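Open the model in your viewer and keep the selection panel at hand.

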Amino acid sequence: MLLSIKNLRVNYGNVEALHGISLQVDAGEIVTILGANGAGKSTTLNAISGLVHITDGSIDFQGTALHTLPAHEIVKFKITQSPEGRRVFGTLTVEENLMLGAFTSANPERIAASKQWIFELFPRLEERRKQLAGTLSGGEQQMLAIGRALMSNPKILLLDEPSLGLAPILVKSIFETVKTINKAGVTVILVEQNAKAALKLAHRGYVMEVGNIVLADSAENLLKNKQVQRAYLGGGH
Amino acid sequence: MEQFFQQLTNGLAVGGIYALIALGYTMVYGVLKLINFAHGDLFSIGAYLGLTLLLSMGLFDKIGALASVLLLVVMVMVLVAIIGALLERVAYKPLRQSHRLTAVVSALGASIFFQNAIMAIYGPGLLVYPHDLLPRIAVNIFGVDIPLMRIVMFLASVVLMAALYFFIQKTKIGTAIRAVAIDQGAARLMGINVDRVIMLVFCIGPALGGSAGLMVGLYYGQINFNMGWMYGLKAFTAAILGGIGNIPGAMLGGLLLGVIEAMGAAYISIAWKDALSFGVLILILIARPTGLLGERVAEKV
């Protein structure tokens, strides 16, 4: 097992956002976390990344207690995130954004190789290297956010809502790329509102409702699950 | 024409000082959205520490003028950088999660503390730098005699600004500083230690401000405990003029304000010098609140 979360609780002020969730991720998997707005999906990712403080529970990565580390240390364990809303550095160039993604790595050859790979995955980024990230289209910014997260050769890539606000054709191409990234050996945890696309891509899935995990199964079974179809896939009359 | 050229060079020299101080305001604002009101006092501390080091070490007799000035600049920058880092640690870091106004009040408190500390240590009167240290020669440029020290002061500020610009634009740490100024959360996701970047900014800004204090001491020869108030306000005006949070803006704003002030003093009235500077501040706030170089990029969401 690569990543194991046990009884995770997170509070925002007096409100508890996660009520003790547990989930596991194996090496090489694509695991998707589904659920409505406010279910706690992003909070889960941010807890893994160390951006939010947890009140109880544990996050274990290959024997390291991640929840005891600050966010900038967690990146060194090769766990990176492409955050919701992309959050590229708008007044920096595409290239500078990518180089920041490699902030923790000191090996110039590895960095060059990562950049090369990212330009193969997203040729558009290479064309726009010198352009300011804030002037890119939404889809290009999403590519940049994913590319930036890949720059440090992650073992686990956390993807938060990569399809948000993108045209269907772009969503398809981004999801194809996620598959390619996974085939290259990167474990992916994918948070999505676009449940159908996410389940078609993922190996396994968790369904969250108001801070709890209510279902956990293989993606195949979740696609067939009546409850999931009714709530998230718009089917099952 | 001679008067114009004299005032232009004078304005550029003073403007270089404003620019160096303004960089401290603008960099801190960039990463914390806080106006460090104690920054002007760090400038004063630079002037006082410079004087103390100069008198106690007797450098000028031992190693000559040029080497002494260079060594003094380095020592003052290092010491004021340490004071800046301590200031951040004591007065601002504990308030990082509080309301922004709380930090502003803390900044004003720190300013009062520094001013009174200088007064308690050095006394309330004017202190003078030894006036025979530096050569009082003039250089003839296009038939106008310009004091050499004025040129040196201007060049020194330009060199420091160029070094900063290179550091911010071209190095990995500089890029990290810019990233933290844009989005602290996303910067953390890159593996950047945001606390350390903030501390670094609180070393660089005060180091530049402190060096400006030393230059003012060497050039004008007189310092007093509340000199940081007026210089600080002028530099703050310069930072707003260029666009607060914008590093080239602070440089441009400083030089521009220096020249405006010098020209105003020469051609309008010297009594209106300060009024003119703050008139510029009011005008820019009304006409272009983002400053000359502020917010040039429209970001798509």
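**Stop 1: the core**

This is a predicted model. Start with its largest nonpolar core, which has 166 residues. Select Ala19(B), Ala22(B), Val31(B), Val180(B), Val197(B) and Val201(B): these have the most contacts inside that core. Next, select residues 2–32 of chain B. This is helix H1, which gives the most to the core, with 16 residues.

**Stop 2: Val180(B)**

Centre on Val180(B), one of the residues with the most contacts in the core. Which residues does Val180(B) contact, leaving aside its neighbours within four places in sequence? Select Val31(B), Ala187(B), Ile192(B), Val194(B) and Val197(B).

**Stop 3: helix H9 of chain B**

Now select residues 194–220 of chain B, helix H9. Colour H9(B) by burial. The helix is mostly covered, with 21 of its 27 residues buried. Step just past H9(B) to Gly221(B), which takes a positive phi of about 85°.

**Stop 4: where the chains touch**

Show both chains. How many residues does each chain bring to the contact? Chain A brings 23 residues and chain B brings 17 residues. On the chain B side, select helix H7 (172–182) and helix H8 (184–189), the elements that give two or more residues. H7(B) gives the most, with five residues. Finish by colouring this side of chain B by class: eight residues are nonpolar, four polar and five charged.

Definitions and conventions:
Residues are numbered from 1 along each chain as its sequence is written. Chains are lettered from A and ligands numbered from 1 in the order in which they are written. This is a predicted model: local features need pLDDT of at least 70, side-chain atom pairs count only at pLDDT 80 or more; totals for chains, interfaces and linings use all residues. Two residues are in contact if their C-beta atoms, placed from the backbone, lie within 7 Å. Helices (H or I, at least four residues) and strands (E, at least two) are DSSP runs, numbered from the N terminus. Ala, Val, Leu, Ile, Met, Phe, Trp, Tyr, Cys and Pro count as nonpolar, Asp, Glu, Lys and Arg as charged, and the others, Gly among them, as polar. A nonpolar core is a set of buried Ala, Val, Leu, Ile, Met, Phe, Trp, Tyr and Cys residues joined through C-beta atoms within 7 Å. A residue is buried if 20 or more other C-beta atoms lie within 10 Å of its own, exposed if 12 or fewer, and partly exposed in between; C-beta atoms are placed from the backbone. The expected span of a helix is 1.5 Å times one less than its number of residues.
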